[in-house]
Amino acid sequence: MTAPTASTVPTADSGRPGSPDLLRSVFRRHAAGVAVITAEDGGRPVGFTATSLNSVSADPPLLSFTIATGASSWPAIRDSEHLGVHILGEHQQDLAGLFARSGADRFGPGTGWAPGPHGVPVLDDVLAWLVCRVVARVPAGAHRVIIAEAVTGDPAGEGRPLLYHQGRFNALRD
């Protein structure tokens, strides 16, 4: 490991004030896995792309993600007892983009899925999926942090994970 030089050592006065722009700029440098969250809303499937998925606890098996309260999927997420969490593979960039686009027909003819446990839409050909029971919806600015407990799932999909970095979807490199 190389010792930092004087020009690379952070100082108390070298940072920028906290702001939405600073947070976005910092997190563009953070590579995140890509997931699609799904729910059932009055007999119709809904879903969105999330890069905020985190493991919270192994026992009990809890995870979290965030959603904006202005998102089109928010009413279904707000009202659903169970949700689907799908880990996307690098072969699914188009699917990630579809579920990220506002106004898109996310469950149209090109999207393979089936009703799963608790009526939750389960996507085809993902690396892994879980059906989770929502245990908390925590206010966080214009978002909610959703905490959910894994009820059932399948980790047996094949392939490599899709990543989100620098504002776009990327493949994992060795």
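This is a predicted model: local features need pLDDT of at least 70, side-chain atom pairs count only at pLDDT 80 or more; totals for chains, interfaces and linings use all residues.
**A walk around the sheet**

Numbering runs from 1 along each chain as its sequence is written, and side-chain values use heavy atoms, with hydrogens and water left out.

Now switch to cartoon. You'll find 3 helices and 12 strands, taken as DSSP runs (H or I, at least four residues, for helices; E, at least two, for strands) and numbered from the N terminus. The C-alpha atoms fill a box of roughly 60 × 35 × 35 Å along the principal axes.

Next, pick out the open sheet. Its 7 strands pair antiparallel in the order β3-β2-β6-β9-β10-β5-β4; pairing takes at least two DSSP bridges between two strands. At the edges sit β3 (44-50) and β4 (54-57), each pairing on one side only. From one strand to the next, the twist averages 35 degrees.

Zoom in on β4. Select residues 62-68 too: that's β5, running antiparallel to β4 and joined to it by 3 bridges. Which residue of β5 is the bridge partner of N54? Click on S64.

Finally, head to the β3 side and select residues 93-100. This is helix α3, lying across β2 (35-41) and β3, at about 110 degrees to β3. Angles run from 0 to 180 degrees between N-to-C directions, with axes fitted to C-alpha atoms, for helices over the stretch in contact (heavy atoms within 4.5 Å).
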